[in-house]
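Me: I'm new to this one. Can you walk me through how it packs together?
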Amino acid sequence: MRCPSLPLCGLLWFWLPLFYSRPVKIDKVKADTKNLTRTIIARIQEHQLFPLNLKINGLDFIPGERPLESLDSMDETLQIFQRILPSLPMENMPVAQIFNDIENLRSLIQTLGSHLGCTVHKSSNLDALGNLTELLTTSPYTAAVVALDRLQKCLHSIVKHLDHIQRC
């Protein structure tokens, strides 16, 4: 006669490590967020055409240099760039990789927010963007360079303010 409790004990023995898991520390999430942010900055700098210090009218919908001191503002800004990046006409630029990295960065910021007890808010600025192809048709390559430059500045702001995050 077979012992039915033996497979059950074996199954429980294999599940034992699953019950011993520990939560991810907030410092680890911050470090991963900083590293991914620096990686995206390096990708942009690697392919940047020229330094841009010009003021260009008509591209006000692309977030510029504003302090990103809360997790909500960081997530909202990255969400806007996620909406802008696929519309950029960049053949030699790894826009798809940067897009995926921003998606992962948003995920890390939302994980950081859940550690701090924040709730996820839906961005209201996305509706104001409207049809990006119409906005980018006048000077698509200039808009691409401006968007990547402003994304890089926002990423620097995220790295700068990440250690001092106290609120959502």
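Me: How do helix 3 and helix 4 run, roughly parallel or roughly antiparallel to each other?
Reply: Keep in mind that this is a predicted model. In it, the axes of helix 3 and helix 4 come within 10 Å and cross at roughly 160°. Angles over 145 degrees count as roughly antiparallel, so helix 3 and helix 4 are roughly antiparallel.

Me: Which hand does that crossing of helix 3 and helix 4 have, left or right?
Reply: Helix 3 passes helix 4 in a left-handed crossing.

Me: Which residues meet there?
Reply: From helix 3 you have L71, M74, D75, L78, Q79, F81 and Q82. They meet F99, I102, E103, L105, R106, I109, Q110, L112 and G113 in helix 4. Sorted by class, the contact of helix 3 with helix 4 has nine nonpolar, four polar and three charged residues.

Me: Pick out R106. Is it buried or exposed?
Reply: R106 lies in helix 4. Its relative accessible area is 14%. The cut-off for buried is under 20%, so R106 is buried.

Me: What does R106 touch?
Reply: Leaving aside its neighbours within four places in sequence, R106 is in contact with D75, L78, Q79 and Q82.

Me: Now helix 2. At what angle do helix 2 and helix 4 cross?
Reply: Helix 2 covers residues 26-47 and helix 4 covers residues 95-115. Their axes come within 10 Å and cross at roughly 160°. That makes helix 2 roughly antiparallel to helix 4. The crossing of helix 2 and helix 4 is left-handed.

Me: Who makes that contact between helix 2 and helix 4?
Reply: On helix 2, the contact is made by I26, V29, K30, D32, T33, L36, T37, I40, R43 and I44. On helix 4, the residues are Q97, I98, D101, I102, N104, L105, L108, I109, T111, L112 and H115. By class, the contact of helix 2 with helix 4 has eleven nonpolar, six polar and four charged residues.

Me: Zoom out. How many helices and strands are there?
Reply: Seven helices and zero strands. From the N terminus on, the elements run α-α-α-α-α-α-α.

Me: What share of the chain is buried?
Reply: Of the 168 residues, 39% count as buried.

Me: And what share of contacts join residues at least 24 apart?
Reply: Take contacts between residues at least 6 apart in sequence: 87% of them join residues at least 24 apart.

Me: What about the largest nonpolar core? Which residues have the most contacts inside it?
Reply: The largest nonpolar core has 33 residues. Those with the most contacts inside it are I40, M74, L78, L85, I102, L151 and L155.

Me: Which helices supply it with at least two residues each?
Reply: Helix 2, helix 3 (71-84), helix 4 and helix 7 (140-161). Helix 7 gives the most to this core, with eight residues.

Me: Start with I40. What is it in contact with?
Reply: Skipping neighbours within four places in sequence, I40 is in contact with I98, D101, I102, L105 and L155.

Me: I98 came up there. Where is it?
Reply: I98 is in helix 4. At 0% relative accessibility, I98 counts as buried. I98 and L148 are 50 residues apart along the chain, and their C-alpha atoms are separated by 9.9 Å.

Me: And L85, where is that?
Reply: L85 is in the loop between helix 3 and helix 4. L85 is buried, with a relative accessible area of 1%. Beyond neighbours within four places in sequence, L85 contacts V95, I98, F99, I102, L148 and L151. L85 and L148 are 63 residues apart in sequence and 8.5 Å apart in space, C-alpha to C-alpha.

Me: What about L88, buried or exposed?
Reply: L88 lies in the loop between helix 3 and helix 4. At 8% relative accessibility, L88 counts as buried. L88 and A144 are 56 residues apart in sequence, with 5.5 Å between their C-alpha atoms.

Me: Last one: C118. What does it touch?
Reply: Not counting residues up to four places away in sequence, C118 touches L71, G113 and C168. C118 lies in the loop between helix 4 and helix 5 (125-129). At 16% relative accessibility, C118 counts as buried. C118 and L71 are 47 residues apart in sequence and 8.6 Å apart in space, C-alpha to C-alpha.

Terms used: Residues numbered from 1 in each chain as written. Predicted model: local features only at pLDDT ≥ 70, side-chain atom pairs only at ≥ 80, totals over all residues. Heavy atoms only, no water. Axes fitted to C-alpha atoms, helices over the stretch in contact; angles between N-to-C directions. Helix = DSSP H or I, 4+ residues; strand = E, 2+ residues; numbered from the N terminus. Parallel < 35°, antiparallel > 145°, perpendicular 65-115°, else oblique. Left-handed = near helix turned anticlockwise from the far one by under 90°. Contact = heavy atoms within 4.5 Å. Nonpolar A, V, L, I, M, F, W, Y, C, P; charged D, E, K, R; others polar. Buried < 20%, exposed > 50% of the residue type's maximum accessible area, 1.4 Å probe, protein only. Core = buried A, V, L, I, M, F, W, Y, C linked by side-chain atoms within 4.5 Å.
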